[in-house]
Amino acid sequence: MNTLRVFVAGIPQPNPKLETTSGTTKAGKRYTRVFQRDKDGKKRAWMNLVANAIYCQMFRGKMEPLTRDYWVRMNLTFILPRPASAKKRLYPNVKPDRDNLAYAVENALKGVLYEDDAMVVESRQVKRYACPINKATGVLIDVEWGVNHE
């Protein structure tokens, strides 16, 4: 079993949501369009930051992306900024949802660390507030993988 551990500094962003629009063309044909909404580009920038951090770690270790012959297990610890309104709150039980945060990381690693996010067989996500002293935010990514046969 192999492991990789990376801390990506930044403010974790959830995966961009899929939205649809539908209407009628001038010719009278109905259409539906599906697209990802990311108005300010923060979500895409976060996913690129995660992908680049993992890629750099893999490059240092002369590691190739994992093929479908492997299984992947991930532990993700999201450290979020503490808002002023959450002085007494211990845990960030508000949006963004931890599964949406994890989905963004798993999608960012698709094609970088592994071929497809379907290779992730186990995933654990934790949300925490940043320490009041150093206020560092980001995600700690722990990845384990092994060969998918005996």
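At 59% relative accessibility, Lys135 counts as exposed, and this lysine lies in the loop between strand E5 (120-129) and strand E6 (138-147). The model is a predicted one. Its protein chain comes to 2 helices and 6 strands, which follow one another in the pattern β-β-β-α-β-α-β-β.

**Chain as a whole**

- Taken along the principal axes, the C-alpha atoms fill a box of roughly 60 × 50 × 25 Å.
- The protein chain has 150 residues, of which 35% count as buried.
- Among contacts with a separation of 6 or more, 79% are accounted for by residues 24 or more positions apart.
- The chain exposes about 9900 Å², and carbon and sulfur atoms supply 51% of that area.
- There are 26 positive and 15 negative side chains. The centres of these two sets lie 13 Å apart.

- Strand E2 covers residues 17-24 and strand E3 covers residues 30-37; the two pair in the antiparallel sense over 8 bridges.
- Gly23 stands opposite Tyr31, a residue of E3.
- The hairpin has 5 residues between the strands, and within it Gly28 takes a positive phi near 90°.
- Lys29 has its place in the loop between E2 and E3. With a relative accessible area of 60%, Lys29 is exposed because the cut-off for that class is over 50%.
- Once neighbours within four places in sequence are left aside, Lys29 is in contact with Gly23 and Thr24.

- The structure holds 1 aromatic pair. Tyr55 and Phe59 form this pair, with 6.4 Å centre to centre and 25° between the planes.
- The pair counts as stacked, because planes under 30 degrees apart are placed in that class.
- Both residues lie in helix H1 (residues 42-60). They are 4 residues apart, about one turn of the helix.
- Tyr55 counts as partly exposed, at 49% relative accessibility, whereas Phe59 is exposed, with a relative accessible area of 61%.
- The two fall into separate classes because exposed means over 50%: the value for Tyr55 is 49% and the value for Phe59 is 61%.

**Backbone geometry in the loops**

- Most residues other than glycine have a negative phi, and most peptide bonds are trans.
- Lys62 is not a glycine, yet has a positive phi of about 50°. Its place is in the loop between H1 and E4, and Lys62 is exposed, with a relative accessible area of 74%.
- Lys135 is not a glycine either, and has a positive phi of about 55°.
- The peptide bond from Lys95 to Pro96 is cis, with omega near 10°. Pro96 lies in the loop between strand E4 (70-80) and helix H2 (98-109).

Technical notes: Residues numbered from 1 in each chain as written. Predicted model: local features only at pLDDT ≥ 70, side-chain atom pairs only at ≥ 80, totals over all residues. Heavy atoms only, no water. Pairing = 2+ DSSP bridges. Buried < 20%, exposed > 50% of the residue type's maximum accessible area, 1.4 Å probe, protein only. Contact = heavy atoms within 4.5 Å. Areas by Shrake-Rupley, 256 points an atom, 1.4 Å probe, with all protein chains shown as cover. Lys, Arg positive; Asp, Glu negative; His and termini not counted. Charge placed at Lys NZ, Arg CZ, Asp CG, Glu CD. Phe/Tyr/Trp six-rings, centres within 6.5 Å; stacked < 30°, edge-to-face > 60°.
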